[in-house]
Structures are given as structure tokens and as C-alpha cells.
Amino acid sequence: MFEVITLDLSPNGEWLVGNGKSGLSLGTPHPFVFFYNPETGESRILPSSVPSDTVSELNYSGVEIQWDGKMVGIYYNSIRPGRDKLYHLRLSDGRVKELQVCSHPNCSIDIEEPLGLVACICAIDRGHTIQGELEVWRWDGKTSSELLVTLPVPRGAGAVELSPTGKRASFLTRGKSEKDEKGYSQLTWVKHFVDLASRRVITLGQGDFDDMNSWLTDDVVLRPDPKSLRVWRYDLESNNQEVFVEFAPDALAESEQRRRSGSKYNGITTAMVAGRNRQYLLFVPQVDRVSSTLHVADLGCALEKTRVGIRGYATRP
């Protein structure tokens, strides 16, 4: 089984980088870093140039990973004691460089190099209380130089994502635990969208997948429907939504395990677009908490193209 934890799309739209958990039916699942091309179906893992200690650190549960602007390396936030800072890994030779972003430890960070911006959500010690705070800084590729925005967010917020031109940011907080069709308790997440100029926050629904980029434009996001096989196109300015894509009940391939169990997909919990022309939809059906499968659909025909994530097989670049 393979469980995707975080995903980030490359600047050219071709490659995803993420970390997930893989494991056999016996034994404890372990995290690992992978690269995936939704158009070709090619999968890769970290190149052999990356030192083993860096691989171990990247595979540490809870690490966030994202592409740099030139696709020569990846940023990651180490959460190991004493190393809770942001680092850049150059994939060609495995070189690791420590970066200065903010003075707070254990932050969720989104770097947008083309915009010259970096957003951080951190837990700030205010004496008697711990408060969440969103900060947006100017970014020169090495350090954060000018604080542009600071505003309070709920404690425990994370997975910050800047919109395409930096007008807004999104983040997640934990929602209420919900029971699935078999009575098992499932952790859910609530997604928030904040206008950085007006400080207006819009909150949309709950899901069970915690880190996918839903932005289409600064004002329009994808809104998966947990009660149907639809993904909506939601306008944050007008509060209007229309169907972005809808799947027929038999359009999604079922795993052998699902066919035997008789369970059916009854909704979609998370979605993002990918590909050079943004022609693919990556999504997780509502019942796929069991098999932890990421699905890929071709938006040109609204049919599922392939599925990834059931097994963690990959090749080195």
C-alpha cells in the first residue's frame, strides 16, 4: 500500500514531487520521497547522488517538500530536533544548503520564486498562549528580507499555499472527526482562503486529504464534492460555483480489493490540476481512505487515465 502525504507541482506543470508511505501487508509503513509525471506515468525516487542521511531526513514523517523555481532541486522543512529549519537539496549532486526564512521553528512554508514571495505559518509563543500566525515575506532566493503581511490564524493551522500571483493564501486546520460507512473514525481537514490585503477569510468544507493545491486562479479554486463524483469550480469573489468535472459512477477503475468488498465511491475529497496544459485532474475518491490511491483523469474526455499510489514502485532519475 502507498499513501500520499504531500504533493507539489513543478513550475512547468509536468512533475509532482511528494512524500508518501509505503509498506507491505506485514510491517510498518515507512515514508519515502517520489516524483511522478501524470502525462507519461513515469515514477522516480531520489537520485543516488543524495546522501543517505539526507534521504533519511526527507523520509522523516511530517516533512513538507516542494520544487524550486528552476526544477534543479527541492526545498524541505526539517522537523528533527535541532534542525527545524528550511533547506534546499540540489538533485544533481545531493548538495544541501540551509536557508533563512523566519525566526520561528517548525513552520509550514510555501516558496513562490517567480513571485519573490515566501509564506509561513508558525506557532508563536505569546507568553501564556501559543498562537498561530501567517507571515508573507519578500524572498530573494536565499533569505526573507521584508515582512509584507502578518495575521493570526487558528492554532495548528498549516499546509500554506500562495495563490498564482500572491493575492491570497490558503491553509488547513483540523476539522471534526467523522465516522465512515464502517463506523471508523476519520480525521478531517477544513480549508481556508484568506485575501492578504483585506484579511477576509473564506472557509470551505471538510476533507480527509491534507495537502493538495486547489488554486486555478487567485479568485477561483477547485472544490471537491464529498457526496458526489463532482469537482466544482468555485469563485471566491462571487460565491458562485459550477461543475468543473463530473464522473459517471462506472468511470473510475476499482481495485480488486474494492470489488471484493463491494464498496463504492460516493464522493471526492481533494483535487488539483496538473500537466503542461493543466489537462489532468489528480483526485482522491471519498472511499479511497482504505486503499490510499491517487487517481489521474484526463480532463479532455473526463475519463480516468490511470491510478497511482497502490504500490510504491519507482525508478531512479
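**Exercise 1.** Does Cys120 count as buried or exposed?

*Solution.* Keep in mind that this is a predicted model. Step 1: take the relative accessibility of Cys120, which is 0%. Step 2: recall that buried means under 20% relative accessible area. Step 3: Cys120 therefore counts as buried.

**Exercise 2.** Which cysteines form a disulfide, and where do they lie in the chain?

*Solution.* Step 1: look for sulfur atoms within 2.5 Å of each other. Those of Cys107 and Cys122 are 1.8 Å apart, and the two residues form a disulfide. The structure holds one disulfide. Cys107 sits in the loop between strand S8 and strand S9, while Cys122 belongs to strand S10, 15 residues apart. Step 3: check the handedness. The angle about the S-S bond is 115 degrees, and the link of Cys107 and Cys122 is right-handed. Step 4: check burial. Cys107 is buried at 7% relative accessible area, and Cys122 counts as buried at 3%.

**Exercise 3.** Is the aromatic pair of Tyr76 and Tyr87 stacked or edge-to-face? Then try Phe193 and Trp215.

*Solution.* Step 1: planes under 30 degrees apart count as stacked, and those over 60 as edge-to-face. Step 2: the planes of Tyr76 and Tyr87 make 20 degrees, with 5.6 Å centre to centre, and this pair is stacked. It links strand S6, which holds Tyr76, with strand S7, which holds Tyr87. Step 3: Phe193 and Trp215 have 85 degrees between their planes and 5.3 Å between centres, and this pair is edge-to-face. Phe193 lies in strand S17 and Trp215 in the loop between strand S18 and strand S19, so the pair ties together parts 22 residues apart in sequence.

Key:
Residues are numbered from 1 along each chain as its sequence is written. This is a predicted model: local features need pLDDT of at least 70, side-chain atom pairs count only at pLDDT 80 or more; totals for chains, interfaces and linings use all residues. Side-chain values use heavy atoms; hydrogens and water are left out. Rings of Phe, Tyr and Trp (its six-membered ring) pair if their centres lie within 6.5 Å; planes under 30 degrees apart count as stacked, over 60 as edge-to-face and the rest as tilted. Helices (H or I, at least four residues) and strands (E, at least two) are DSSP runs, numbered from the N terminus. Buried means under 20% relative accessible area, exposed over 50%, partly exposed in between (1.4 Å probe, protein chains only).
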